[in-house]
Amino acid sequence: MPAAGYVMVVAVVLIVLALVYYLVSTIVALRQITAGLDDVIESVGEIVEKSAPVADVVTTINDQLDAGVEMLEALLVKKAGLSDAVGLVDGLYAGAGAAGLRNFPESATLSPPRIGEVYTKGTLTLARLGREAPVATTSPAGPALRDVTAASSSARKLYPDGREYGAETLPRSPVIGTDAPVQYEERDDIGQPRKRLPTSA
Amino acid sequence: MILWWIGDIVLLVVVLPVVVYLLRGVLSAAQSIVPTVRKIAGVAADGSKDLDATALLLTTQDQVTRTVAGVADYGGSLDVILDDA
């Protein structure tokens, strides 16, 4: 065999060695990928299994909450009327009246009465006083607006010393009415033109 | 004889580098996929663990049912004691 033949054999052997090295390395990498994908498929299967009942449960929860909202809206409209109901909602939660009530689409077109001006802030606060409702707090992190167990303590704080000193010696409030011990004659000048006082010349 | 040498040169200078280049590209692509697949497997496993809390939704569902029932009772009482508009 000529020298050129040996060189060709060496070249072919080199090519085959390169093929073997790189193909074996590729096979090893592909096996690692396969193992990794097996783990992924296992985890994804768990995810699918665990999330399967979520839709039904969430749908049920939403149905329950929808029923509660519908009932409360209907009760509010029944008791306060549609216009005042929207005004009350808007007074409690500014801007919420623009969205209207869910089951009363016409409420979105109403101009909510400014109940916050007609009634005092205290009235609105009273309206928010649910016994255990979360809205009974000034903020979700704050204390309840009304202390249902010791509400009288708030009033007592206004007069910490009790009754005013010397209250017993103060004159009693006058008794009025037809049975009052002191009757005053009705003045006949009430409703008449005012008398002109004499003026100095 | 000259053809033999030409063939040798072509094998060593052209064919061998091309083969090595192509195989090296395939190997590097395959090896780059491995860490990505491992990351995906880790994320999928974490996601599966996170969904362990979905069982608590059943408790939430029960609580919501009880709460709405309580609100309904409360609303019924209000309906009785308050006058209609």
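1. In this predicted model, the buried residues of H1(A) are A:Tyr22, A:Gly36 and A:Ser43. These buried residues pack against helix H1 (2-50) of chain B.

2. Neighbours within four places in sequence aside, the contacts of A:Ala4 are B:Met1, B:Trp4, B:Trp5 and B:Asp8.

3. The interface deserves a separate point. In total, 43 residues of chain A are in contact with 44 residues of chain B. On the chain A side, the elements that give two or more residues are helix H1 (3-51) and helix H2 (54-80). H1(A) provides the largest share, with 27 residues. By class, the side of chain A that touches chain B comprises 27 nonpolar, 11 polar and 5 charged residues.

4. Concerning the overall composition, chain A has 6 helices and 0 strands, and its pattern along the sequence reads α-α-α-α-α-α. Of the 201 residues of chain A, 8% count as buried. Among the contacts in chain A with a separation of 6 or more, 43% are between residues 24 or more positions apart.

5. H2(A) contains 27 residues and reaches 38 Å from its first C-alpha to its last, close to the 39 Å expected at 1.5 Å a residue. Just after H2(A), A:Gly81 takes a positive phi of about 85°.

6. How do H2(A) and H3(A) cross, and at roughly what angle do their axes lie? The axes of H2(A) and helix H3 (residues 82-92) of chain A come within 7 Å and cross at roughly 120°. The crossing in which H2(A) passes H3(A) is right-handed.

7. At the residue level, H2(A) contributes A:Leu76, A:Val77 and A:Ala80 to this contact, and these meet A:Leu82, A:Asp84, A:Ala85 and A:Leu88 in H3(A). By class, the contact of H2(A) with H3(A) has 6 nonpolar, no polar and 1 charged residues.

8. Nonpolar side chains tend to be buried together in soluble globular proteins. In the present model, the largest nonpolar core has 8 residues: A:Leu76, A:Val77, A:Ala85, A:Val86, A:Leu88, A:Val89, A:Leu101 and A:Ile115. The elements that give two or more residues to this core are H2 and H3 of chain A. H3(A) supplies the largest share of the core, 4 residues.

How values were computed. Residues numbered from 1 in each chain as written. Chains lettered and ligands numbered in written order. Predicted model: local features only at pLDDT ≥ 70, side-chain atom pairs only at ≥ 80, totals over all residues. Contact = placed C-beta atoms within 7 Å. Nonpolar A, V, L, I, M, F, W, Y, C, P; charged D, E, K, R; others polar. Expected span 1.5 Å × (residues − 1). Axes fitted to C-alpha atoms, helices over the stretch in contact; angles between N-to-C directions. Left-handed = near helix turned anticlockwise from the far one by under 90°. Buried ≥ 20, exposed ≤ 12 C-beta atoms within 10 Å, placed from the backbone. Core = buried A, V, L, I, M, F, W, Y, C linked by C-beta atoms within 7 Å.
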